[in-house]
Amino acid sequence: MNPIRLIAADEWRLMRRNRVAMLGLVMLLALSVIAALTSIAQRDNSDAIRARFQAQADQAFDGAPARHPHRMVHYGHFVFRPLPALAAFDPGVDAFTGNTIYLEGHRQNSANFGDVRQSSLLVRFGQLTPAFVLQALAPLILIFIGFGIVARERERGTIRQLFAHGVAPRALLFGKALGLGGIAALMLAPGVLALGWLIAFEGAPLAPSLTLLAGYAAYLGIWVLLIVIASSLAAHARTALMALIGIWAFTVILLPRIAPDVALATNPTLTRLETDIAIKEDLRKMGDSHNPDDPYFNAFKQRTLKQYGVEKVEDLPVNYRGLLAVEGEKLTSKLFDDYADRQFAAQKAQSRFTDTVGLLSPAIALRRLSMSAAGTDLEGHRRFLSQAEGYRFAIVQQLNQLQATAITYDDDSNRNKDPEAGRRVRIDPKNWQKVPDFRYQAAATGEKLQAALPGMLTLLGWLVVLGFGMRLAIRRLADAA
Amino acid sequence: MQIIVVDALIVERGGRRVLDNLSLTVKAGEIYALLGGNGAGKSTTLSALLGFLKPVSGSLSVAGVDPASNAEAARHKIAYLPENVALYEHLTARENVEYFLALAGEAHGPEEIEAAFDAAGLQAEARDRPLGGYSKGMRQKVAIALAVVRQVPVLLLDEPTSGLDPRATADFNALIGALKERGTAILMVTHDLLGAADCADRIGFLDNGRIVEEVACDQGYDVMALHRRYGEAVAA
Amino acid sequence: MTGLWRHELRLFLRQRLALPALALMALLSIASVWAGMAEIERQRDTIARIQPQQAADVAAIAKWVSVEGDAGNAAYYTFHATWDEPSALAFAAIGQRDVAPYILRIRALGLEAQLYESENYNAELALPGRFDWAFVLTYLAPLFVIVLLHDLKSGEREAGRIGLLAAMARNQQALWRRRIGLRIGGLLAALLIPFLIGAALSGASPGLALIFIVVAAAYILFWAMLCLWVGSRGWSSVTNAATLAASWLVLTLILPALGNLAINSVVPVRQGVELTLEQREKVHGGWDKPKQETMQAFFKAYPEWKDTKPVEGGFHWKWYYAFQHLGDLAAAPQAKAYREGLEARDRWTGRFGFALPAVGLQTILHRTARTDLNAGLIYQDRIRSYHKQLRRFYYPYVFNEVPFREADFVKAPQWEHR
């Protein structure tokens, strides 16, 4: 056997006899298994509930009785964001974003009923998911197992003995790294099994799953190298332990919390209320449909009359009120899109800032990679919001068109005075069934991988830097011996 | 005058009899060396004198105080030098002495401390350096200075010369010789027979918790014979 | 004895880890107080900023509504701003204020469709949690306690000084008490002084600030006791440090996460979605039901409008507001169940707090700072009663068919600034 493998095997034997190390490892593995099982069950359950609610909402819409189409515009629709299969591995921001939106005419409602508002403050301690276990807990357990991996040998003087027996410092460090890496691989095992299950039985996409796996492997690899380097550079095992816990607390706990504060302060976004008021204000500036002399809507009227070659709206072959509704919705929807784009741009800038901080913290970089590959990042929620808005616009305009074509202007104008007209404006409910159902389009694999790339590059960068760190540690070890 | 009196002392630790009917005395101005191998009961004797453990039976007296019933008062009479004099590395010699004096609740002026350093032979320029860079001999000098300034009647030494080079050992012997002249009762435990023979007034051989033989210097003895008899057990 | 304290202080501060640890603790405490105050300042600014915008929005609506003077239009188009003022101590424990809306506009239509609106916030930034003083205290301060106390005795033992210390000290207990006192005292000072300055600047009541201080001290003391207990086992410094850090991991991360998992499965809440679906069906079903049926049902709740002019024709605002309200009434059982579910979750968290110091600490801090789930529910209660006031304000205009003029807009009940 070559010396590296020999040293790794020796390390494993030692760990097997180390009660504390075994306890930590068993605890972590148990937590991983619990996290994987509950997380998969929870994902399936949430997704099933959302699918059931979606079916219920679709059924309610399709089964609505004969109504004036504008009533259906206000009856509106509910859409639910499905949970991707990989959310069982990393639910990302799912709990922090609403998963259902009520869609109605000329209003943009928020996505509601996110878990975070429905939970006590316990949820802010972190959710027990495979991602959380591997991102936050595994490195700490690795630290407990490995902080003395080299320092211990030096403190006991066994390191000189090893060198005297012809073991090269290089072989020693790589052997130790291999030994600790084996433990890290064991820690990853429940996650691998969970991913395998998700791919085999829950339709998780292959390439993003493998990206997740590669990302977590690289992350744990970074910690293995950090621990081996710190343990060989530190004068005492205790110094190594303190330094490593410090690094862990700083990069896994502290930085991820400080970065958002700075990002929020440097890139403030408008509140919903302000956006709401601003959109109303912009609408009033563009044209006031309540004002009979409004220049914008007068111009629209003239344009419409000219297009159909008639003098009065009453002579139009279509219901002018319907056309007005289509035009009005176009205006509001354009503004909704504009403001949403601005909001998303600001949020993207915020997230980009934290990504930059991620250069200092492998945990932040891994989280970016993990959420992106799992499709549970903010981008996934943004896709849902913008698809929901697109869907809202499509169904509202379909209903407005129905108002323009299926109802006469005369009936529409007299629907509240003349009961007969009031009955005629209630059109055939079959029309509701023609409105398509909402189908959320998840990001394509290529997009997910692209979004995961910066995180992956950061992790690889760390590995390269730590490679140099290993060289330094080897040189120092050779000098000291 | 008998300063240290140990009489028929029995001490048990974990059900094992560590000191079995031990008796010895040390007079003022006398150096008594207690020789023995590992596990003979040397450290236990010191611990009992310092009041760290309660004897099963027998009596103890340190300058008239029973450490078993009044440990604090007994410690007040004792200066103790552990095998490795461990003081605070990041404090200077002077600061260490000041700190431990404060711990013992004793107030002494800077002149007294200066005089004690002189008596202990610690170079003037070293007194304000952190202890981190000190050799074992220098650390011992700091501890001796502490004993000198406290003017305690009893000095307990645990393996004082192990790890000292011959020159430092000679210095140390001169130093405790001077303390002896001041009337201090000195009890040292060691396994270095030749070292003990160089400075001690009396030597007691401890084995299995009891004194098996006691020799006095003024009565003359054959060091080589003792060495043949006890050398092996003592070195173990 | 002051001399001894001075000696101990010198000894402590010269230690390699001591001063940096205390300085870092103070720095983190200052930074968290500063960040928390900045965030709360931002929230206060937002509340102040929306007032003129809101006034301008109402004025613009008043301009065209008052031409016809239709009270139904006034009630339909006018949104009324509500806000949840941060308490003076919110800066130290921001809690749920970053994910629950603290400003919300409502109008006199069905409330259940408006009450659960959420705020536009960047979920990726909210995910890790805020960097506030409560975080520094809950998560980071125990690590500092561990750094300062894990080798209290074992360090002396490993340095070979323990015997000498024991032999020299007149009172050993007092020696260790002094050392612990200095470390914990220094740490508490580093932690609490920035908080106290922040509390004073924010105008917090001394009584509430005292609650913070007492629970913070108790929490630190818990960790100190744990350190001493582990230290008394006679293990090496390394073993002590590893054991204590592992305890920290279990007590502040693993057990709370397991607790959350347990609570969510014991108390599922999905009534939120159910109640909005139900409310919508009821409200929009109202359009298709005979008008008299709707009105009779409404008069049961509001008999004072029974004798006003009956509803005729295809549409009347009376009828419209009646079925809006009936929608809320229909969803009331689900709304109650939803709320009870949330309260049950909160209660369970409180129970966990008795067993888990970190959870108990967070519960008390956020309850005191009024930034917890419960504070959000209280805000919802206030919105409910404000919504009732609003309806009571509009109903006389709508039911008595009194014209609504520009001057009437300012008569609308205003949200009470707490």
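## Antiparallel helices α11 and α13 of chain C

In this predicted model, helix α11 (residues 271–288) of chain C packs against helix α13 (residues 317–355) of chain C at an angle of about 170°, and their axes lie 8 Å apart. The two helices, α11(C) and α13(C), are therefore roughly antiparallel to each other; angles over 145 degrees count as such, those under 35 as roughly parallel, 65 to 115 as roughly perpendicular and the rest as oblique. Axes are lines fitted to C-alpha atoms, for helices over the stretch in contact, with angles running from 0 to 180 degrees between N-to-C directions. Helices (H or I, at least four residues) and strands (E, at least two) are DSSP runs numbered from the N terminus.

Residues that α11(C) brings to the contact include L275(C), E278(C), K282(C) and V283(C), while α13(C) supplies, among them, F323(C), D328(C), A331(C) and Y338(C). Two residues are in contact if their C-beta atoms, placed from the backbone, lie within 7 Å. By class, the residues of the α11(C)–α13(C) contact divide into nine nonpolar, eight polar and four charged. Ala, Val, Leu, Ile, Met, Phe, Trp, Tyr, Cys and Pro count as nonpolar, Asp, Glu, Lys and Arg as charged, and the others, Gly among them, as polar.

## Helices α5 and α8 of chain C

Helix α5 (residues 133–149) of chain C and helix α8 (residues 172–202) of chain C pack at an angle of about 160°, with 10 Å between their axes. That angle makes α5(C) roughly antiparallel to α8(C). The contact involves W133(C), L137(C), A141(C), F144(C), V145(C), L148(C) and L149(C) of α5(C), together with R183(C), L187(C), L191(C) and F195(C) of α8(C). This set comprises 10 nonpolar, no polar and one charged residues.

## Contacts between chains

Of the two pairs of chains that touch, chains A and C have the most contacts. Their contact takes 76 residues from chain C and 84 residues from chain A. On the side of chain C that touches chain A, helix α10 (residues 237–266) of chain C gives the most, with 17 residues. That side divides into 42 nonpolar, 22 polar and 12 charged residues.

The contact between chains C and B takes 17 residues from chain C and 20 residues from chain B. On the chain C side, the elements giving two or more residues are α1 (2–13) and α7 (162–168) of chain C, and α7(C) provides the largest share, five residues. This side of chain C has nine nonpolar, five polar and three charged residues. Chain A and chain B do not touch, and their nearest C-alpha atoms are 15 Å apart.

## Domains of chain B

Chain B is divided into domain 1 (1–76 + 158–236) and domain 2 (78–151), with bounds from an automatic or database domain assignment. The C-alpha centres of these two domains of chain B lie 23 Å apart.

In chain B, 15 residues of domain 1 are in contact with 12 residues of domain 2. The elements giving two or more residues to the domain 1 side are α2 (71–76) and α6 (166–181) of chain B; α6(B) gives the most, with five residues.

## Numbering and confidence

Residues are numbered from 1 along each chain as its sequence is written, and chains are lettered from A and ligands numbered from 1 in the order in which they are written. Local features need pLDDT of at least 70, side-chain atom pairs count only at pLDDT 80 or more, and totals for chains, interfaces and linings use all residues.
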